[in-house]
Amino acid sequence: MEVGEIRELVRHSSRRWGRRAGTLAVVLAVIGAVGWSVRQDQMAREALDRAARAEKAAANAQSAAEIARDQLRGKAPLDSALRRTKHQDPEQIQRVEQLYQEIDALSQARERVDQSLLPRAPTAHQPR
């Protein structure tokens, strides 16, 4: 082989390795970007879960503090539906109590209907 042919072979070979190295770098960069994106998504989900748990714990703590405050003042504890209302509006409280009474009345009516629909056991003096 002549020197010119050797140089051409080395130059051609180095270009091929350069392209391969460039392609490999691009592939590795894409894989790294996908991995980073997946990790960021996972971390965001975990943060949202933690925030939801903290919000729930704060609501529970606030409810417990309101109950304790009412007990210290000597008030009767409010129903949970009334505690959840931010305003202690007497009209709202009365409406909630009225709804509870209606629910109780409907429950009793349903029980009476259920009892009337049950098959009755035949008594001794009823013909079969």
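**Fold.** I looked up the secondary structure to begin with: the chain has three helices and zero strands, where helices (H or I, at least four residues) and strands (E, at least two) are DSSP runs numbered from the N terminus. Reading from the N terminus, I get the order α-α-α.

**Ground rules.** I am working with a predicted model, where local features need pLDDT of at least 70 and side-chain atom pairs count only at pLDDT 80 or more, while totals for chains, interfaces and linings use all residues. Residues are numbered from 1 along each chain as its sequence is written, and side-chain values use heavy atoms, with hydrogens and water left out.

**Surface.** I noted an accessible surface of about 11700 Å² for the chain, with 58% of this area belonging to carbon and sulfur atoms; the areas come from the Shrake-Rupley method with a 1.4 Å probe, and for residues only the protein chains shown count as cover. Of the 128 residues in the chain, 5% are buried (buried is under 20% relative accessible area, exposed over 50%, partly exposed in between; 1.4 Å probe, protein chains only).

**Salt bridges.** I found two in the structure, counting a side-chain nitrogen of Lys or Arg within 4 Å of a carboxyl oxygen of Asp or Glu.

- In helix H1 (residues 3-73), Asp41 and Arg45 sit four residues apart, about one turn of the helix. Their side chains meet at 2.7 Å, N to O. I have Asp41 as partly exposed at 37% and Arg45 as exposed at 54%.
- In helix H3 (residues 90-117), Arg110 and Asp114 are also four residues apart, about one turn. Their N to O distance is 3.9 Å. Arg110 is exposed at 59%, and Asp114 is partly exposed at 39%.
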